[in-house]
Each structure stands twice: as structure tokens, then as C-alpha cells.
Amino acid sequence: VCYTFNEEESPISIGRVNCDVEIQNGSISKSHAVIDYSTERGMFYFKDLGSTNGSMAIIKEDDTLKLKGDMKFKMNDVPFRILELP
């Protein structure tokens, strides 16, 4: 499945219930993470929302990950790939 969004739609919520991107997988928390755009820095960021199963990536101390084109990461056992960014 491929999702397309832009900075005006940010933040994009990811989870199992009432989220912009809903993933019906028991390893994904109800409200697992968000992808947000920082107008100040002109970049997209991934943030785990304290999910019970976690996200597999090297994340800075503030729990955010700067997203780049062709980046791969996992939310527990569900793989994600960022194809491109504006």
C-alpha cells in the first residue's frame, strides 16, 4: 500500500484506530506514531507516540527521526519505506 501526503496535511497519524493511516495489524498500537512536517526546518519527522510495541529505527533522544527519501524503518514487524520527499 502506498500513501501520498504533503506538508499541508501534517501531522499524519499512524495506528490501528481512528488514524489517518490505519494498519490492521496486532503489532501496531491504536495510536502508534505520527509523521509531522517542521516548517521551521523544512523537513518531515517520524515520532513514536510511546507505543507499546515500539518502532525499529535509530532515534535521537527526543524520539524523532528525520525522514529522507528511500529510507526504510519498521513499526514493530510492519515495514515502511519512504519513497521520496519534496
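Visitor: What share of the contacts in the chain with a separation of 6 or more comes from residues 24 or more positions apart?

Guide: That share is 23%. Contact means heavy atoms within 4.5 Å. This is a predicted model, where local features need pLDDT of at least 70, side-chain atom pairs count only at pLDDT 80 or more, and totals for chains, interfaces and linings use all residues. Residues are numbered from 1 along each chain as its sequence is written, and side-chain values use heavy atoms, with hydrogens and water left out.

Visitor: How many helices and strands does the chain have?

Guide: Zero helices and seven strands. Both are DSSP runs numbered from the N terminus: helices are H or I with at least four residues, strands E with at least two.

Visitor: Why is Asn 18 called exposed?

Guide: Its relative accessibility is 71%. Exposed means over 50%, buried under 20%, partly exposed in between (1.4 Å probe, protein chains only). Therefore Asn 18 counts as exposed. Asn 18 lies in the loop between β1 and β2.

Visitor: Why does Glu 22 count as partly exposed?

Guide: Glu 22 has 39% relative accessibility, so it counts as partly exposed. Its place is strand β2, residues 21-22.

Visitor: What makes the peptide bond from Ser 10 to Pro 11 cis or trans?

Guide: Its omega is near 0 degrees, and the bond is cis. Pro 11 sits in the segment before β1 (12-15).
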